[in-house]
Amino acid sequence: MLPTPKMLPKFCCQNSVTKIASCPYNPRTSLTPSRPLLYHPIMALQTTNSLLQFQSLSPPLKSFPATNTTSFRPISAVHSPDPTVPKPPTPATSATASTATPKLTTSTQKWALDSWKAKKALQLPEYPDQNDLESVLQTLEAFPPIVFAGEARNLEDRLGEAALGNAFLLQGGDCAESFKEFNANYIRDTFRVILQMGAVLMFGGQMPVIKVGRMAGQFAKPRSDPFEEKDGVKLPSYRGDNVNGDAFDLKSRTPDPQRLIRAYSQSAATLNLLRAFATGGYAAMQRVNQWNLDFTENSEQGDRYRELANQVDEALGFMAAAGLTVDHPIMTTTDFWTSHECLHLPYEQSLTRLDSTSGLYYDCSAHFLWVGERTRQLDGAHVEFLRGIANPLGIKVSDKMDPHELNKIIDILNPENKPGRITIITRMGAENMRVKLPHLIRAVRRAGQIVTWVTDPMHGNTIKAPSGLKTRPFDAIRAEVRAFFDVHEQEGSHPGGVHLEMTGQNVTECIGGSRTVTFDDLGSRYHTHCDPRLNASQALELAFIIAERLRKRRIAATIR
């Protein structure tokens with residue numbers, strides 16, 4: 001069938017195989033964009049027509065218009081601030097800026113794709129052969145993008161809804177993806193747990209759940225020390241499979257640029273499979289009873305999930321009996337985005353493209369990127385790179401974050417104060433959360449800045465077991481989630497989401513949970529290449545806890 005005008009792609013990306021310079025659609029001014037697509041670089045290499053077949057069939061969803069953000073009334077909706085505090089003026093975008101120059105900057109210094117190189121760059125590997133690295137980066141620059149700019153824009157719109165309390169972000173996946181564990185079953189099981197958790201959260205909160213995976217690119221890891229020493233032997237630290245190997249020998253630990261090519265290929269293949277699961281019927285709500293993992297069936301969480309799934313089935317049956325179709329794409333498919341930490345700047349630069357629709361640069365290695373605690377220096381290379389790309393961004397924030405510094409980094413990365421652009425991912429521990437988070441919320445409120453608040457209850461709760469293995473107590477994770485909700489309830493702000501390191505495998509890496517994992521159990525199935533992850537049962541248990549808090553907030557809101 002020949003494509004009609006309505007079937008044409010609604011975004012274009014320069015240097016991609018779908019560049020359509022005359023595309024009349026402008027997602028930044030449209031109120032009715034299509035649902036986001038998961039880009040499929042392998043199929044895209046075949047023909048443009050084959051890519052057109054991926055155009056979503058679902059109905060339009062609400063989007064934020066790209067006007068001056070002073071037209072919004074965000075503060076009363078987001079933070080319920082003191083009305084006597086005046087809102088600072090929103091920086092305007094230069095009308096004379098070139099379409100090839102990103103608009104998201106307040107710095108007097110002009111941003112360029114490689115301007116980060118003039119800044120101090122932390123956590124970058126030292127390659128022994130720079131010529132080999134440059135050759136690999138040139139190869140990556142010629143490869144098609146892994147994701148599309150239009151997909152990232154749609155995610156930003158959804159995150160803007162979360163900032164206003166109208167949606168909830170569920171972001172989860174591996175601490176660090178590995179080459180060894182790359183197979184379809186691992187990808188499917190993690191995706192399936194995220195589907196389960198999304199169903200639980202949506203049922204409890206009665207609001208859309210934004211599903212974002214730490215997948216298809218989450219390889220690189222920051223290190224506290226560039227070297228590791230064992231038995232008097234000193235070697236470079238393991239920085240993730242896209243940089244070097246975890247085996248403690250010189251060959252494995254020497255950074256190898258060819259690993260970047262393999263990381264790209266694995267990311268593309270992972271996203272290809274995720275696309276198939278998300279749009280091929282596997283994610284249909286009618287299958288909600290079939291998502292249970294085998295090892296969770298005879299457990300408390302499995303029983304609770306089955307009870308919820310039966311209620312969903314009954315609701316679907318009622319809809320069908322009433323003549324309402326359950327075959328609509330919104331019931332048979334799901335939206336799924338990818339994310340990772342922006343760490344390896346040469347790799348990120350090589351996959352950054354100029355979007356011909358908006359005239360903005362997008363890092364097409366993932367839909368969503370975040371800057372970590374170790375690399376968020378205001379004058380650092382990572383912040384410099386991120387300020388010039390138009391993807392939605394996350395900022396990891398610990399109890400060390402000064403409120404004024406938070407204001408500054410938000411202003412650097414989101415001078416136009418656009419909803420959905422900035423997600424603040426707090427990682428503090430429960431007690432620090434109760435003490436520190438209120439000051440950060442108030443500082444953001446006073447500055448009139450719009451952000452999506454998300455909790456990462458994993459990184460602030462890492463301990464060392466008697467065996468020497470790193471672990472995380474489930475009770476501490478649960479306590480930090482509760483503290484997150486308590487503080488937002490106290491401050492009148494919106495808890496916008498949760499960010500988890502988790503897996504669909506039946507691992508024993510975090511202690512506790514209803515199916516108690518003890519210190520003695522850790523060694524039986526401890527498979528992580530980096531930090532301990534929640535297993536599927538623990539992740540689902542946490543989802544029920546969060547869903548209950550969302551339900552209580554929803555009921556309280558109707559009473560007011």
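**Figure 1. Contacts of Ser-237.** Beyond its neighbours within four places in sequence, Ser-237 is in contact with Arg-223, Asp-225, Pro-226, Phe-227, Glu-228, Asn-244 and Arg-253. Contact here means heavy atoms within 4.5 Å. Ser-237 sits in the loop between strand E4 (233-236) and helix H7 (250-253). Its relative accessible area is 6%, so Ser-237 is buried. Buried means under 20% relative accessible area, exposed over 50%, and partly exposed in between (1.4 Å probe, protein chains only). This is a predicted model in which local features need pLDDT of at least 70, side-chain atom pairs count only at pLDDT 80 or more, and totals for chains, interfaces and linings use all residues. Residues are numbered from 1 along each chain as its sequence is written, and side-chain values use heavy atoms, with hydrogens and water left out.

**Figure 2. The chain as a whole.** The chain has 16 helices and 14 strands. These are DSSP runs numbered from the N terminus: helices are H or I with at least four residues, strands are E with at least two. Of its 560 residues, 58% count as buried. Among contacts with a separation of 6 or more, 78% come from residues 24 or more positions apart. The accessible surface is about 22800 Å², and carbon and sulfur atoms hold 53% of that surface. Areas follow the Shrake-Rupley method with a 1.4 Å probe; for residues, only the protein chains shown count as cover.

**Figure 3. Salt bridge between Arg-434 and Asp-486.** The structure holds 26 salt bridges. Each is a side-chain nitrogen of Lys or Arg within 4 Å of a carboxyl oxygen of Asp or Glu. The side chains of Arg-434 and Asp-486 form one of them, at 3.0 Å from N to O. Arg-434 is in helix H14 (residues 430-446) and Asp-486 in helix H15 (residues 474-491), so the pair ties together parts 52 residues apart in sequence. Arg-434 is partly exposed at 37% relative accessible area. Asp-486 is partly exposed too, at 27%.

**Figure 4. Salt bridge between Arg-472 and Glu-501.** These side chains meet at 2.7 Å, N to O. Arg-472 lies in the loop between strand E13 (470-471) and H15, and Glu-501 in strand E14 (residues 495-501), so the pair links parts 29 residues apart in sequence. Arg-472 is buried, with a relative accessible area of 0%. Glu-501 is buried at 0% as well.

Figure 5. The side chains of Arg-533 and Glu-509 meet in a salt bridge of 2.8 Å, N to O. Both residues are buried. Elsewhere, salt bridges that share partners join Arg-214, Lys-221, Lys-470, Arg-472, Glu-501 and Asp-531 into one network.
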